[in-house]
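Please have the model open as you read, and follow along from one section to the next.

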Amino acid sequence: MAEFLIGERLEPFVSTRVKLAATGVVIAVVRAEGRLYSTRKTVKVTVGGCG
């Protein structure tokens, strides 16, 4: 959904919002120094978006 290119002299910090229609798994993948790192988290969607 998004790609962020962060220069060598910058502190690597990214924050974003994603609108989901249903409960599901969100996966983040980072490529650093030629290696790939990933993490995943189940995000629960509630009626009206509050919960």
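This is a predicted model: local features need pLDDT of at least 70, side-chain atom pairs count only at pLDDT 80 or more; totals for chains, interfaces and linings use all residues.

## The start of the chain

M1 is exposed, with a relative accessible area of 94% (exposed means over 50%, buried under 20% and partly exposed in between, using a 1.4 Å probe and protein chains only). This residue, M1, belongs to the segment that precedes β1.

Residues are numbered from 1 along each chain as its sequence is written, and side-chain values use heavy atoms, with hydrogens and water left out.

## Overall form

The protein has two strands and zero helices (both are DSSP runs numbered from the N terminus, helices being H or I of at least four residues and strands E of at least two). Its radius of gyration is 14 Å, well over the 10 Å from the globule rule for 51 residues, so the protein is more spread out than a compact globule. That radius is taken over C-alpha atoms, and the rule is 2.2 Å times the number of residues to the power 0.38. The C-alpha trace spans about 40 × 20 × 15 Å along its principal axes.

How much of the protein counts as buried? The share is 0% of the 51 residues. Among contacts between residues at least 6 apart in sequence, 6% join residues at least 24 apart, where a contact means heavy atoms within 4.5 Å.

## The hairpin

β1 and β2 pair in the antiparallel sense over nine bridges; two strands pair if DSSP finds at least two bridges between them. Within this pairing, I27 stands opposite R40 in β2. The two strands form a hairpin with two residues between them.

Most residues other than glycine have a negative phi. E33 lies in the loop between β1 (24-32) and β2 (35-43), and E33 is exposed, with a relative accessible area of 84%.

## Surface

The accessible surface of the protein comes to about 5,600 Å², and carbon and sulfur atoms account for 54% of that surface. The areas come from the Shrake-Rupley method with a 1.4 Å probe; for residues, only the protein chains shown count as cover.
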